[in-house]
Amino acid sequence: RRVLFRSVTGQQSRAGVMIQRKQSLFLLLAFIATVVCLCLPIAEITPMGMGGSIKLYNLCIITSAGANYSVCGLFGILAMSAALSLGTIFLYNNRKLQSKFCVCNLFLLIAWYIVLGVTARNTSPVDFSFNLDFAACLPAIAAILVFMARAGVIHDEKLVRAADRIR
């Protein structure tokens, strides 16, 4: 889509603006949600008996003994999802590829929750309380936004095909 802008001198200029498309906005919001999730704690594991609580981040587990980087798979999956969301925004000329990348991104976000469940199961003591933080909801929000973006891409593709058929 092209938009006309008026400069300070009053002359019109054309600039390609792809962020106007609603799916680009959805993908940008999904990117922001995944980056925020990368920075915040995901969960807190509290033993029922003696012992200190364990904070679970995407990159590491922080205990009273220090940091353990055995969960960096969570970070890797979410970082790939964030990069894919950002990269998909710039594929606005190739709607089929953009739709395929959205599907790949959805699979990555689902895989993140599977790895989170496995990680929580493997790092927790026998009797524990597992409390999810707000950041654990952000990949689900990102998945909904990516799904909405994919629906917008498919809708645009149908509009283009209909316009081509009319010609």
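## Phe130 and its surroundings

Leaving out residues up to four places away in sequence, Phe130 touches Ala43, Glu44, Ile45 and Ala120. This description rests on a predicted model, in which Phe130 has its place in strand β7. One of those contacts, Ile45, is 85 residues away from Phe130 along the chain, and yet the C-alpha atoms of the two are separated by 4.7 Å. Phe130 counts as partly exposed, because its relative accessibility is 29%, a value that falls between the limit of 20% for buried residues and that of 50% for exposed ones.

## The sheet and the helix on it

In what order do the five strands of the open sheet lie? The order is β6-β5-β4-β3-β7, with antiparallel pairing. The edges are taken by β6 (66-68) and β7 (128-132), and each of these has a single partner strand, so one side of each is left without a neighbour in the sheet. From one strand to the next, the twist averages 20 degrees.

Within this sheet, strand β3 (residues 43-47) pairs with strand β4 (residues 54-56) in the antiparallel sense, and three bridges join them. Ile45, which was named above as a contact of Phe130, stands opposite Ile54 in β4. Helix α3 (residues 95-123) packs on the sheet and touches β3, β4, β5 (61-63) and β7, while the direction of the helix makes about 165 degrees with that of β4.

## The chain as a whole

The protein chain has four helices and seven strands, and, read from the N terminus, the elements follow the order β-β-α-β-β-β-β-α-α-β-α. Of the contacts in the chain with a separation of 6 or more, 60% are between residues 24 or more positions apart.

Buried residues make up 35% of the 167 residues in the chain. The chain exposes about 9900 Å², and carbon and sulfur atoms supply 66% of this area.

## A buried threonine

Thr34 lies in helix α1 (residues 22-39). Is Thr34 buried or exposed? Thr34 counts as buried, because its relative accessibility is 1%, and the limit for a buried residue is under 20%. When neighbours within four places in sequence are left aside, Thr34 is in contact with Leu78, Ser81, Ala82, Leu109 and Ala142.

## An aromatic pair

The count of aromatic pairs comes to one. This pair is formed by Trp112 and Tyr113, whose rings lie 4.9 Å apart from centre to centre, with 85 degrees between their planes, in an edge-to-face arrangement. The arrangement is called edge-to-face because planes over 60 degrees apart are given that name. The two partners can also be described by their accessibility: Trp112 is buried, with a relative accessible area of 0%, whereas Tyr113 counts as partly exposed at 31%.

## Cysteines without a disulfide

How many disulfides does a search of the whole structure find? The search finds zero. Cys39 is in no disulfide, and the nearest cysteine sulfur, which belongs to Cys37, is 9.0 Å away. For Cys137, the closest cysteine sulfur is also in Cys37, but the distance of 9.2 Å is too far for a bond, because a disulfide needs two cysteine sulfur atoms within 2.5 Å.

In terms of accessibility, Cys39 is exposed, with a relative accessible area of 58%, while Cys137 is partly exposed, with a value of 41%.

Notes:
Residues are numbered from 1 along each chain as its sequence is written. This is a predicted model: local features need pLDDT of at least 70, side-chain atom pairs count only at pLDDT 80 or more; totals for chains, interfaces and linings use all residues. Side-chain values use heavy atoms; hydrogens and water are left out. Rings of Phe, Tyr and Trp (its six-membered ring) pair if their centres lie within 6.5 Å; planes under 30 degrees apart count as stacked, over 60 as edge-to-face and the rest as tilted. Buried means under 20% relative accessible area, exposed over 50%, partly exposed in between (1.4 Å probe, protein chains only). Helices (H or I, at least four residues) and strands (E, at least two) are DSSP runs, numbered from the N terminus. Contact means heavy atoms within 4.5 Å. Accessible areas come from the Shrake-Rupley method with a 1.4 Å probe; for residues, only the protein chains shown count as cover. Two strands pair if DSSP finds at least two bridges between them. Axes are lines fitted to C-alpha atoms, for helices over the stretch in contact, and angles run from 0 to 180 degrees between N-to-C directions.
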